[in-house]
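This report covers a protein model, beginning with the contacts between its chains. Helix packing and backbone details follow.

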Amino acid sequence: MAVSWRKDGVYRDGSLNYGRLALYAIMIFVAIIWGAPFIWMFVTSIKPDNEVFSYPPTWWPDEPTLEFYTRLFDSFPMLQWFRNSLIVATITTVLTLATNILAAYPLARMRFRGRRIVLLIILSTFLLPGEILLVPLFLGMIKFKLANTYFSIAVPAAANAFGVFLMTQFFLSIPVELEEAARLDGCSRLGLLWRIFIPLSKPVIATVAIFTFVRSWNDFFWPLIISNTDATRTVPVGLAVFVGRGLSMRFGVIMASAAAATIPAVIFFLLLQRYFVRGISTTGLQG
Amino acid sequence: MSNLAPKGKRAASSWNSIKNDLIAYAFMAPYLVLFIVFLLLPAFVGVYASFTKWGIIGEPKWRGLKNYTKLLNSELFIESLQNTLYFVVLAAIPLIVLGFLLALLVNQKLRGRNIARAIVFLPHVVSVAAVGIIFQWILERSSGLLNYYLGLLGVNPPINWLGDPDSAMPAIAITTIWWTVNGNMIIYLAGLQDIPEDLYEAARIDGAGRWQEVRYVTIPMLMPVNAFVIPLTVIACWRVFGQVFVMTRGGPQGSTFTIAQYIYETAFVKFDMGVASAAGVILMLITLSFTIIQLRAMKVI
């Protein structure tokens, strides 16, 4: 990026480059449109009741208050929901990583009967709308008395084929010579996976882990139908069912709960941004 | 998928080859168990269930095509189809076009473009529940942010976004675009960065201007990207659920009642599993036929 700040948007003779200035204007407008709802949520959450509906809208309260954040945890079992989300997302992520790494190895590196069929079936599920699975999964969980358990929320999500696809792609890019050298040294296939493939695949493993975690954390339809007690209910379901219902309650509390659910995700994203970008741009899948 | 070819070597003897197959399947077994039990099997059971009468308890009873004829004669279901189609038109086209334009924008060598990318991407990690809550407040009729600024631009009287059957679905579409356009932006951005610089240079030598570059280099080079962005965006739009569930519950007057909402109510409120499954199959047929038509039109298959 060889643009100097002083000269960008200005020609050498000092006249303005309107095309570039317009691009900057559009970019700032875009940043405002996508940033403002977050700021508005946060500002509302620290407004005392008498300022929430002030007209015209104010972007900072006269008397900011954190009252609603303290009240939040009395109004809803937020901490329990957070705990549930954390447990569910962790189970899904660990299970996904373990099974996907193992499955990706033969798919990328071995010739075996049925390989094409297995790949084809796995990949074709990308086009399957998940709604068709809800009824059978629900009836199955009821039948085996697994409704309202962490198992029922977390495990079906690990069947998703996105990680297998991404890891298979990545394993294909690892040089064969490395593998052959290790095999000559008498390394077993499991040893190979552990000593060569996993260390070399850290970036893609991180991408799959973060993606799976966020998808599980934000998953909505399935957790909504399979959990109806606070003992297992996740944050999005709790928010949707109790907090967001028609915004009938006090705005400060509602916005504070939305903010409390959003802020950890935002921090998580800012720390791990590049993995998201890689995950989406290499697979086209958005969770 | 041509780059998914194996690099291993074909085993020599037949015993070795069987052993090799066993090892391969042993590695895949844990995933395949999850895949079969929680994805493949439920998909088949879902199709089977669509031909039965099935409550929350008890055995399924074969009904043939009755669930389907019932659905196609149900005004509510037809309405949900129409509403969802309307949503697809309202949301999918901007999601694709705007995703592309945003990618073009943040691909320019502008100062602060990384910050702009990050801000547009931020909603990606926010759950639909929080997004729905934030936008209910922004779209609120009398004190909402959007109406206030529209008012400054001369839009009067204020729009009752979520309360008026005419504007509720556009409001859901606006929310959806804000929430998910970033995924398409990132995919197009990666596509843009894969276009070799010399193509632009060649175009410039031939005297192409900025927009001609976009028209004759960028857009044709992004066709392979379109081949998966468009179907995945359209499928996601047909499946719209969370935004509607949180923001309108299908109202007002059923104007935002979508297919997924229909499936939810039929299966998990009325416990009519057979009819709900049939609706799921119809949803699958719609998205599948759209994907096939679209890939045909683009000559991918």
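## Interface of chains A and B

Across the interface of chain B and chain A, 15 residue pairs are in polar contact, both residues being at pLDDT 80 or more. A polar contact is a pair of N or O atoms within 3.5 Å; within protein, one must be able to donate a hydrogen and the other to accept it, and residues adjacent in sequence count only if both atoms are side-chain atoms. On the side of chain B that touches chain A, helix H1 (residues 14–49) of chain B gives the most, with 22 residues. That side of chain B divides into 72 nonpolar, 21 polar and nine charged residues. Here Ala, Val, Leu, Ile, Met, Phe, Trp, Tyr, Cys and Pro count as nonpolar, Asp, Glu, Lys and Arg as charged, and the others, Gly among them, as polar.

In total, 102 residues of chain B are in contact (heavy atoms within 4.5 Å) with 111 residues of chain A. The area buried between the two chains is about 9,700 Å², and carbon and sulfur atoms give 77% of it. Buried area is the accessible area (1.4 Å probe) that two parts lose on being put together, summed over both. In chain B, the residues that lose the most area to chain A are B:Phe27, B:Arg111 and B:Trp137, together 9% of what that side buries.

## Basis of the model

The model is predicted: local features need pLDDT of at least 70, side-chain atom pairs count only at pLDDT 80 or more, and totals for chains, interfaces and linings use all residues. Residues are numbered from 1 along each chain as its sequence is written, chains are lettered from A and ligands numbered from 1 in the order in which they are written, and side-chain values use heavy atoms, with hydrogens and water left out.

## Salt bridges

A salt bridge is a side-chain nitrogen of Lys or Arg within 4 Å of a carboxyl oxygen of Asp or Glu. The whole structure has eight salt bridges over all chains, and the count between chain B and chain A is two. A:Arg113 forms a salt bridge with B:Asp21, with the closest N and O atoms 2.6 Å apart.

Within chain A, A:Arg71 pairs with A:Glu67 in a salt bridge whose closest N and O atoms are 2.6 Å apart. Both residues lie in helix H3 (residues 67–75) of chain A, four residues apart, about one turn of the helix. Helices (H or I, at least four residues) are DSSP runs, numbered from the N terminus.

## Helix packing in chain A

Helix H4 (residues 78–109) and helix H13 (residues 235–243) of chain A pack at an angle of about 145°, with their axes 8 Å apart. Axes are lines fitted to C-alpha atoms, for helices over the stretch in contact, and angles run from 0 to 180 degrees between N-to-C directions. H4(A) contributes A:Met78, A:Trp81, A:Phe82 and A:Ser85, while H13(A) contributes residues including A:Leu239 and A:Phe242. The contact divides into eight nonpolar, two polar and no charged residues.

Helix H9 (residues 176–184) and helix H10 (residues 189–200) of chain A pack at an angle of about 145°, with their axes 10 Å apart. Among the residues that meet are A:Leu178 and A:Arg183 of H9(A) and A:Arg189 and A:Phe197 of H10(A). This contact has six nonpolar, no polar and three charged residues.

## Backbone details

A cis peptide bond joins B:Asn156 and B:Pro157, with omega about -5°. B:Pro157 is in the loop between helix H6 (145–152) and helix H7 (165–194) of chain B. The peptide bond from B:Gly251 to B:Pro252 is cis, with omega near -15°.

Definitions and conventions: Helix = DSSP H or I, 4+ residues; strand = E, 2+ residues; numbered from the N terminus.
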